Amino acid sequence: MKEIILSAPILITGASQRLGLAMAESLLDNHQNVVVTYRTNKPSVAKLKEKGATVICADFSTEAAIDRAIDEIKAISKTYRAIIHNASDWAQEKDSNDKHGLMTRMMTIHAIAPYRINLALEDTLLRCPEGADIIHMTDYVQDTGSEKHTAYAASKAALHNLTLSFAKKLAPKVKVNSIAPALLMFNEHDSEEYKQKAIKKSLLQTVPGAQEAVKAMHYLFDSDYITGQTLHLNGGRHLK
């Protein structure tokens, strides 16, 4: 029997919902080998497994948890085609009495975990014969700041800066870029009043859905000449 050799996997962190889930499903539908991490076990995790994904339960908020995740990720494959850092926590100051702890958590999830995972998987990316990619999912607020999500915005700005550093460090074999979305999709509990107000914040006055991030992901993977850049998915919001 001829041995079936799967393509080098793409790792997506935080893929149990929203943008991460949409990107994972798109890759699986294209017969790509995918490894995903999730923090909370949801029905979507089982569906990803059914589609062929390898799943890892991982919480990137502590050093020990990051260590465990790295060990599991490296044990799955000696070569990775790409890493998409999507794991995120949209915490805000008003919900926390421990502001030092809040900033530490935001920086750990959004900057320290990607930093450590990139370094740990550097050889697995360089080993990919067709070249490899890292995509950091940052945020529109990396450039504007945020009054309500100050620690979150600062940590996403740090992740953006990691894009620049790793693009330099891993060239020419690995392309490293960011995708910085503004509002791409609503939550189930969002009111109609909030939706109408949010829509008007962009020039294009639409909330396009998770597929906008999926299209950006494929564009970066397909490109041969983009690194150290940010794809801004904001509908012209920066011009308002």
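Residues are numbered from 1 along each chain as its sequence is written, and side-chain values use heavy atoms, with hydrogens and water left out. Because the model is predicted, local features need pLDDT of at least 70 and side-chain atom pairs count only at pLDDT 80 or more, whereas totals for chains, interfaces and linings use all residues.

**Exercise 1. Describe the largest cavity and its lining.**

Step 1. A search of the whole structure finds 1 cavity of 30 Å³ or more, where a cavity is a set of points on a 1 Å grid over the protein atoms alone at which a 1.4 Å probe fits but cannot get out. The largest cavity holds about 60 Å³ of space, a volume being the space filled by probe spheres set on the points, which are joined across faces, edges and corners.

Step 2. Its lining (residues with an atom within 4 Å of a point) consists of 13 residues, and T13, H85, A87, I109 and P114 lie nearest the centre. The elements that give two or more residues to this lining are α4 (99-120) and α7 (150-170), with α4 giving the most, 5 residues; helices are DSSP runs of H or I with at least four residues, strands are runs of E with at least two, and both are numbered from the N terminus.

Step 3. By class, the cavity lining has 8 nonpolar, 4 polar and 1 charged residues, where Ala, Val, Leu, Ile, Met, Phe, Trp, Tyr, Cys and Pro count as nonpolar, Asp, Glu, Lys and Arg as charged, and the others, Gly among them, as polar.

**Exercise 2. Describe the largest pocket by volume and lining.**

Step 1. A pocket is an open set of points with protein on both sides within 12 Å along at least five of seven lines, and the largest pocket contains about 1800 Å³ of space.

Step 2. It is lined by 49 residues, of which R18, W90, D139, Y152 and N187 lie nearest its centre. Two or more lining residues come from each of α1 (18-29), β2 (34-38), α6 (141-144), α7 and α8 (192-199).

Step 3. The lining of the largest pocket divides into 19 nonpolar, 15 polar and 15 charged residues.

**Exercise 3. Determine how α4 packs against α7.**

Step 1. The axes of α4 and α7 come within 8 Å and cross at roughly 15°, each axis being a line fitted to C-alpha atoms over the stretch in contact, with angles running from 0 to 180 degrees between N-to-C directions.

Step 2. α4 and α7 are therefore roughly parallel to each other, since angles under 35 degrees count as roughly parallel, over 145 as roughly antiparallel, 65 to 115 as roughly perpendicular and the rest as oblique.

Step 3. The crossing of α4 and α7 is right-handed, that is, the near helix is turned clockwise from the far one by less than a right angle. In the contact (heavy atoms within 4.5 Å), the residues of α4 include L102, M106 and P114, and those of α7 include Y152, L159 and F166. This contact divides into 15 nonpolar, 3 polar and 2 charged residues.

**Exercise 4. Carry out the analysis for α1 and α9.**

Step 1. α1 and helix α9 (residues 211-222) pack at an angle of about 55°, with their axes 9 Å apart, and that angle makes α1 oblique to α9.

Step 2. α1 passes α9 in a right-handed crossing. L19, A22, M23, S26 and L27 of α1 make the contact with Q211, A213, V214, M217, H218 and F221 of α9, and the contact has 8 nonpolar, 3 polar and no charged residues.
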